[in-house]
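Me: I would like to learn how to read a model like this one. Can we go through it feature by feature?

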Amino acid sequence: MNVNQHTPMASPYGQPQPGYNHPGYAPLDGGYPAPYAPYNGPASAYQPGAQPQDYSPFTSFPSKAVAATPVSDLSSPLDLGPARGPPTSGAPPVSAPQQYNQYSHSQGDMPNGPPPMTQAPNRHPVSQPYSQGAVNMTGSQSSYPQHHGPPPTMHQVTNQMTGMQINSGPPTPAGPGYAPPHSSQLPISTAYSAAPSPAYTQAPPPASSAPTQPPPPSGPATSQQYYGGPMPPSQQPFNSSVPPAAQQPFTSSAQPPPPSQQNFPPSSFSGPVPPPSQAPAPPVSPPQQSFPPTQPHFASAPPPSSQPAFISGPPPHAQGSFQPRAPPPSSQPGPFPPPGPPSTFSPPGQYPGPMPPQQQPPPSQPSPYHSGPSPPRAQMPPTSMAQSNHLPPGPQGQQCPPGPQQQPPSQPGMQGGYPPQQNGAFGQVRGPQPGYAGPYPGQPNYGAPAPAPAPAPAPAAQKRLDPDSIPSPIQVIEDDRAKSTEPFTTGVRGQAPPLVTTNFQVKDQGSASPRFIRCTAYNMPCTADMAKQSQVPLAAVIKPLATLPPDETPPYLVDHGEGGPIRCNRCKAYMCPYMQFIEGGRRFQCGFCSCVTDVPQHYFQHLDHTGKRVDCYDRPELSLGSYEFLATVDYCKNNKLPQPPAYIFLIDVSYNAVKSGMVNIVCQELKTLLDYLPRENPETDSVVRVGFVTYNKVLHFYNVKSSLAQPQMLVVSDVSDMFVPLLDGFLVNVTESRLVIESLLDQIPEMFADTRETETVFGPVIQAGLEALKAADCAGKLFVFHTSLPIAEAPGKLKNREDKKLIGTDKEKSLFQPQAGFYNTLAKECVAQGCCVDLFLFPNTFVDVATLAVVPVSTGGSVYKYTYFQAPSDQERFLNDLRRDVQKLVGFDAVMRVRTSTGIRATDFYGSFFMSNTTDVELAGLDCDKAVTVEFKHDDKLSEETGALMQCAVLYTSCSGQRRLRVHNMAVNCCSQLADLYRNCETDTIINFFSKYAFRGVLTNQTKAVRDTLINQCAQILACYRKNCASPSSAGQLILPECMKLLPVYLNCVLKSDVLLPGADVSLDDRAYLRQLISGMDVSETHVFFYPRLLPLIKLESESLPMAVRDSEERLSKGGVYILETGLHLFLWVGASVQQELLLNIFGTPSFSQIDPSMANLPELDNPFSQRLREIIESFRAQRPRYMKLMVVKQEDKAELIFRHFLVEDKSASGGASYVDFLCHMHKEIRQLLS
């Protein structure tokens, strides 16, 4: 059995196990080190795995089409060995359990044994050649001295855990050659390519199915290596001991069985089971290594056929390399920083081993895996991919592992491409464990602590999953782009669209464009029981007024005259392509409720021989998925046509607002911005009227009637009973009153220049705008520019309630709830009037965003926050946001309803809106950036023949004052087989749903409980797939559905977000701000927010962007420059040893020390590189609804802590797990569910 398996599991989240305190580890729940500790190297607890070069920050989820082949399996028990700190003196005491890495060891239970071959994963042939020697990540570390430097640090420990390969089983039959793609893609259930999606239907082909292929003959057993092989004894303790429940942060996971139990029955391991005692045994001195179990694992039982392949070969050194891993090269994925200097970044260049991945791969490279030839490997078969990727060369003689770019050489007999993985599992294949042939003891213990003699190093060697062997978002994104060359036509029911990270053209042929609606599953389960069994959320993210690219036609406007739109008599669904005309065209049967309705005489048309109306293609509502109807007076409030909307600007003129420069900037900008108010026809003037108010403790209204020579101010000091002191002259037409308005805007900054008033009100300000709209009997928008907590005596007065002591307690949820019910009542009144509120905040201290944002969020408005606003550096971002907010098209007084066909119904809604009943989503304002996420539940059975239909209808008033109905229709397939469900899901949309579900959950639950719920649901989704769809394989393998192989990495990003796991420096306002912001995001925005886009700026000659790399410090090269985009932030990271030529091209200075990190914009230099870089930055900004301010980050500067927060595959300062550790934790959770 694998030793690893036995290893005691660490607590899933890194709770310390008794015994060691690793410096780097902290319990997930919060015990981690301070948020941004000085950067001394990769996070100590885990070395962030390097991302494969090609990893693109954006990764999108793998395309769902892929077969659900088991993907990777962490075959090894993924033992993520326990992480340990650098040993202080020698090997850790046997008994001491190590602190469990966050996730890392939870894996311990996985068997290391190679997964049975049977499951061979299908691989893409394309993947790089498999490197023969898989590293035994788990295996003990070799005793060899590690080349790398100082004793392993905590990280290394982690590494060692990581070392286990996820997938490391014997090579999959699929192809020995299958090495996990380096960086990017992991073979995942993908046994990958192999499994045809169809295979899915039945179950995906077992990964092992590949087994048919003979294992690579020589392939070292390694491929089989389980992650890492047995852990060194010391590590083992992690696994072995069951983490205390407490430790396991995840509720979902059951506690691991006591160590003794932990040993899995032999069956679970591919190999023989080591005696329990061994495995579990606490770490002994390194020499013990406890490997023996491992070896027995191999030795004693022949590995499953696939394994044998590994076995046959000598263990690849590479495996050993793991050991070298002790100090993983920085670039290397190892979780821990190389033992060597912690310095965080070692520049990739420094990596001992292969070049840093980043640098290596050419930006364009598709995937590291394929991309380069692997460097020659030491003769050993390539070890696990990881190693090959970039482990430092192991003493084993393996050569330095190829850089991430390079692929490991293919093993003989393997198909070129991926290292053999077991069953499509990912993980690097482990090379045979060194010394495989013999019991482990003889072998170097890779990953095991070094023998006693060299204890220090030993710890270093830790097995760790090779980050390049686990699914790479970048690879998935690149693969999707490569195959999405044709326009996406929406006429095929249940066809999943390209990922949000892919540029594609849409042709509407009867279903709504994915720009309007994206679903979590395009194959809905036929029954509620099946949906409950899979736990896959059934939801749609709807962006009703989304902006389309110039090459796509906006929805047509259809006018059916005084009778209004044609609708079903029973369910009131609007005419659409799913209505079936019968009786020669005189009646139609509703596709939603099956009711038959008479066709009005004026709408009658004959049918052709196929039963379609002869005018079908002339009518948008009969042939397209999205269109608009002109609404009649019956669809208007109070049965009268609406007035054009009004925009009211309410400006805080208290001391802070004036001193920061905000008042002056707003007044100057409005003089020109009023020429750009929204309009339907660019040729005409906007019909939107405007009004102005200033305030501090009292309110000042301005009469700007066109007949006046000068504006007049009227002051309302009784804020407890707000009223508007003038009707005529407050809301005016810009063109008519331009001179008076400009005079007012010039005078406001002068009038309040010497103010000493510091207190402000807030509730009465919104009441004033609301009363003005009521008096004018129109809908509209309030633009409120506010600076401080409203503490002046008035309705809605607030107190400072920021209390860091409540974080992590039962009372933390109260901090996300509004402190006063006043604003909920006010929001309801605003929605009734169609008064939308956009709030621009300029706080220097706590302003209680959770309370102030209630009205903007409930009315469909937006909140913008500029903390510590300073005109020189923040003016550009604020003005760009303001310009876009004023100019963008918006619908007022909107009501949205989602209708579905019989069998399912919309049950829950997430976003910025108000609901007074269970079906109608009310939005005082709905703009082109707002998305609503809708969850569906079964209320009956669905049929595979008819599929499921949904129709989203939005009734709104356009900015020209026209009442319209926008209709989006969507048809998805239904399935009775779980494999079909798992074959057609979209992970990016699932993550959008989960993030909104979780961020709403913090209002009523502790954040830890919310995180546990997410982890549990994710584990259930993947366990259901493993149990019902994947081919049988060793329990040590982690098998993921092809289209969900990125679910763990993305979910981990949500779990580590500031809302759910804040660092010490994250304020309550920041968390409340992000919470409300994400609630209205669409799929593309949540994707880049949770998994930022990181691009190396090496060559920018071509029109195409450089290939992204994975979000990990290991991917950064000291000699490189990188741009990172999150949708809200834009960073330009500059390595300390960048060439002078590059610095001159970008900054106009030859010296790194002369770069000014405070610059807000890059200098406009006359060279192609500078011009292209500035074009890229502008294109990124144009794609996002909010302006991203550029922040220049110099390596090892203090600002780097902020930048590193977004390297989401690494361990976070707030205690969030690294991707590798979380994957191991998920594997453990899945195994517990299956057992």
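Reply: Start with the labels. Helices and strands are DSSP runs, numbered from the N terminus. His-606, for example, sits in the loop between β9 (596-598) and α14 (620-623). Keep in mind that this is a predicted model.

Me: How many helices and strands does the protein have?

Reply: There are 32 helices and 28 strands.

Me: What about contacts across the protein? What share join residues at least 24 apart, among contacts between residues at least 6 apart in sequence?

Reply: The share is 83%.

Me: Next, helix packing. What describes two packed helices?

Reply: Two numbers do: the angle between their axes and the distance between the axes. Take helix α24 (residues 987-1001) and helix α27 (residues 1068-1079). They pack at about 140°, with axes 9 Å apart.

Me: Why is that pair called oblique?

Reply: Over 145 degrees would count as roughly antiparallel, and 65 to 115 as roughly perpendicular. The angle here is about 140°. α24 and α27 are therefore oblique to each other.

Me: Is the crossing left-handed or right-handed? And which residues meet?

Reply: α24 and α27 cross in the left-handed sense. From α24 come Ser-995, Lys-996, Phe-999 and Arg-1000; from α27 come Arg-1075, Ile-1078 and Ser-1079. Sorted by class, this contact has two nonpolar, two polar and three charged residues.

Me: Now burial. How much of the protein is buried?

Reply: The cut-off is under 20% relative accessible area. Buried residues are 69% of the 1235 in the protein.

Me: Is helix α28 mostly covered or mostly open?

Reply: Mostly covered. In α28 (residues 1083-1090), seven of the eight residues are buried. They are Val-1083, Glu-1085, Thr-1086, His-1087, Val-1088, Phe-1089 and Phe-1090.

Me: Are Cys-636 and Cys-667 buried or exposed?

Reply: Apply the same cut-off, under 20%. Cys-636 has a relative accessible area of 7%, so it is buried. Cys-667 is at 0%, so it is buried as well.

Notes:
Residues are numbered from 1 along each chain as its sequence is written. This is a predicted model: local features need pLDDT of at least 70, side-chain atom pairs count only at pLDDT 80 or more; totals for chains, interfaces and linings use all residues. Side-chain values use heavy atoms; hydrogens and water are left out. Axes are lines fitted to C-alpha atoms, for helices over the stretch in contact, and angles run from 0 to 180 degrees between N-to-C directions. Helices (H or I, at least four residues) and strands (E, at least two) are DSSP runs, numbered from the N terminus. Angles under 35 degrees count as roughly parallel, over 145 as roughly antiparallel, 65 to 115 as roughly perpendicular and the rest as oblique. A crossing is left-handed if the near helix is turned anticlockwise from the far one by less than a right angle, and right-handed if clockwise. Contact means heavy atoms within 4.5 Å. Ala, Val, Leu, Ile, Met, Phe, Trp, Tyr, Cys and Pro count as nonpolar, Asp, Glu, Lys and Arg as charged, and the others, Gly among them, as polar. Buried means under 20% relative accessible area, exposed over 50%, partly exposed in between (1.4 Å probe, protein chains only).
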